[in-house]
Amino acid sequence: GLFQDGRLLPPVSLSSNGPRFCLQGTRNTGKSITNKNIANPTAMLLASCLMLGHLGLHSHASLIHNAVMVTMNEHRLQTPDIGGSGTTAEVVEAICNLISIENRTVPHR
């Protein structure tokens, strides 16, 4: 998609037939970051949010999206490719912790 470089924007294509979710990550092989724990999970997580929303699972999409945004913007936990010093594992763990906390405080239907 336009401006999609595999770091922040989710890989989604829009057409007259509706959205096409490209959940394959970036097109480069990532050999330079293999086994370094510095891959940025943001685009894949945000693409998953779009897919969940498209499937009508808006509360799930919102939960994940909000956790990603809080982790990046309020906690300032980011991977090195966007100026942070966090590892992939640290970013994912922080997002999962926020989802877990929020999931316990929101009443289930």
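This is a predicted model: local features need pLDDT of at least 70, side-chain atom pairs count only at pLDDT 80 or more; totals for chains, interfaces and linings use all residues.
The protein has three helices and two strands. From the N terminus, the order of elements is β-β-α-α-α. Of the 109 residues in the protein, 28% are buried. Contacts were also examined by sequence separation. Among those with a separation of 6 or more, 52% link residues 24 or more positions apart.

A search of the whole structure returned one cavity of 30 Å³ or more. The largest cavity holds about 40 Å³ of space. Its lining draws on Asn40, Pro41 and Thr42, on Met72, on Leu77, Gln78, Thr79 and Ile82, and on Val91. By residue class, the lining of the largest cavity comprises five nonpolar residues, four polar residues and no charged residues.

Two threonines of this lining, Thr42 and Thr79, were examined individually. Threonine 79 sits in the loop between α2 (58-74) and α3 (88-105). Its relative accessibility is 2%, so threonine 79 is classed as buried, the limit being under 20%. The partners include Ile38, Ala39, Asn40 and Pro41. Gly84, Gly86, Thr87, Thr88 and Val91 are also in contact with threonine 79. Proline 41 lies 38 residues from threonine 79 along the chain, and the C-alpha atoms of the two are 8.7 Å apart.

Threonine 42 is placed in helix α1, which spans residues 42-54. With a relative accessibility of 5%, threonine 42 falls under the 20% limit and therefore counts as buried.

Asparagine 40 takes part in side-chain polar contacts with both threonines. The contact between the side chains of asparagine 40 and threonine 79 is 3.2 Å. The contact between the side chains of asparagine 40 and threonine 42 is 2.6 Å. Asn40 itself is among the residues that line the largest cavity.

The cysteines were considered separately. The structure holds zero disulfides. Cysteine 49 has a relative accessible area of 6%; this is under 20%, so cysteine 49 is buried. Cysteine 96 has a relative accessible area of 44%. This value lies between the limits of 20% and 50%, so cysteine 96 is partly exposed.

Conventions. Residues are numbered from 1 along each chain as its sequence is written. Side-chain values use heavy atoms; hydrogens and water are left out. On a 1 Å grid over the protein atoms alone, a cavity is a set of points where a 1.4 Å probe fits but cannot get out, and a pocket is an open set with protein on both sides within 12 Å along at least five of seven lines; lining residues have an atom within 4 Å of a point. Grid points are joined across faces, edges and corners, and a volume is the space filled by probe spheres set on the points. Ala, Val, Leu, Ile, Met, Phe, Trp, Tyr, Cys and Pro count as nonpolar, Asp, Glu, Lys and Arg as charged, and the others, Gly among them, as polar. A disulfide is a pair of cysteine sulfur atoms within 2.5 Å. Buried means under 20% relative accessible area, exposed over 50%, partly exposed in between (1.4 Å probe, protein chains only). Helices (H or I, at least four residues) and strands (E, at least two) are DSSP runs, numbered from the N terminus. Contact means heavy atoms within 4.5 Å. A polar contact is a pair of N or O atoms within 3.5 Å; within protein, one must be able to donate a hydrogen and the other to accept it, and residues adjacent in sequence count only if both atoms are side-chain atoms. Lists of a residue's contacts leave out its neighbours within four places in sequence.
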